[in-house]
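Let's take a friendly walk through a protein model, from its overall build to one pair of helices. Have the sequence and the 3D view ready.

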Amino acid sequence: MRARPQRLERLPEQYFVTLLGRVAEAAKRGGPPLVDLGRGNPEVGPPVHVTAALAASAGGGAEVHGYSPIRGLARTKEAIAGRYRNVYGVDLDPEREVALIPGTKTGIVELALALVEDGGTLLLPDPHYPDYTSGAALAGARIETVPLDPDAGWAPDLDAAPAAEALYLNYPSNPCAVCAPAGTFEAAVDWAERTDGAVVHDAAYIDLVFDGRRPRSFLATPGAREVGVEMWSMSKSYGMAGWRIGFVVGNAEIVERINLLNDHARVGIFEPLQRAAVAALEGPQDSVADRVAAYERRRDVVAAALPGPVVSEGTFFAWVRLPDGLTAEELLEEHRVVVAPGEGFGPSGMGWARLSLAVDDETIELGAERLQHAFAGAPA
Ligand SMILES: Cc1ncc(COP(=O)(O)O)c(C=O)c1O
């Protein structure tokens, strides 16, 4: 066989695969069981009415097992449009402004393909969700970064940001666990108008916001729909990460480009998944509130144990400043607690760590105890 094509050679090290490898090595070396706060996988599945809708549809008739409509069922697009209207105050045309994707991880790659010319530029926040660089590599895009400022609530300085074909933003932020600071979405629209770039807002955690905050869509910002889209995921709001279903919503031209890729590279999404997504979007929402309450409770356990700063306004993470001289590596090797090292999300994450709250209460308590001990013993 010939050599791998450049587009695969360009792919960066996959951060989470590397982290999992390190954790497996540490587990093999023996010692007390590890407390794993490194992963971000919903710990509770979807509510029963959602799995029941999946089963009912799958058991219904042969037709749902064939190819489903390539660009998705109208009913599914109406359900997400209803969600945007009722919860985020945004009116969408379900046919022109909604595309179905098999999860936002796929959307991250497809939007880079759809927006950035080979050799063009993708602008990413630093720190950022690591898979953004994978999308850039596959699209042949160069990456520029705009640092997020910890003293400004992890907002990007978009006035000083370079031009690019596209800018990815993500609030509530993984890993910084903040909601969009005031003015950030407006600054993103200004940046796009000034540079003729497109904005992609990754809203994977949109509903997981704490302390009485209300979920906020980028698309509610004046001018946003003219310049950008939002990626919306079923994974975190409803514990459906394994199901692989999400949406790209907003700017009709960008939605059309995603649908075009869909026409060529995929064939719709399994109909029972779509029916279950509709049940999740339109059915009782208490499971979302229960999730938020559980993450808040665990965030409070971590915040009470550590001297701070412990940032966690949303997502299912806490973003924690490590004391000088203490590294994630030491936490793993000496204190047997797994955290995601901040520098893996970009240089501005240096000295920080991301802790997962998507674990059971017992794990968070044990993890907080070990971290407290490690922080107390760190050199002053
Ligand atoms: C910021 C962010 N975006 C996107 C994703 C991918 O989510 P999914 O592909 O399940 O929709 C994740 C998953 O962890 C994430 O944290």
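The protein's secondary structure comes to 14 helices and 14 strands, where helices (H or I, at least four residues) and strands (E, at least two) are DSSP runs numbered from the N terminus. This is a predicted model, in which local features need pLDDT of at least 70 and side-chain atom pairs count only at pLDDT 80 or more, while totals for chains, interfaces and linings use all residues. Residues are numbered from 1 along each chain as its sequence is written, and side-chain values use heavy atoms, with hydrogens and water left out.

How big is the C-alpha trace along its principal axes? The trace spans about 60 × 55 × 50 Å. The radius of gyration (taken over C-alpha atoms) is 21 Å, which agrees with the value near 21 Å for a compact globule of 380 residues; that rule is 2.2 Å times the number of residues to the power 0.38.

Of the 380 residues, 55% are buried, meaning under 20% relative accessible area with a 1.4 Å probe, protein chains only. Among contacts (heavy atoms within 4.5 Å) with a separation of 6 or more, 75% join residues 24 or more positions apart.

| α5 | 104-115 | K105, I108, V109, A112, L113 |
| α6 | 131-139 | D131, Y132, G135, A136, L138, A139 |

The axes of α5 and α6 come within 8 Å and cross at roughly 40°; axes are lines fitted to C-alpha atoms over the stretch in contact, and angles run from 0 to 180 degrees between N-to-C directions.

How values were computed:
Buried means under 20% relative accessible area, exposed over 50%, partly exposed in between (1.4 Å probe, protein chains only).
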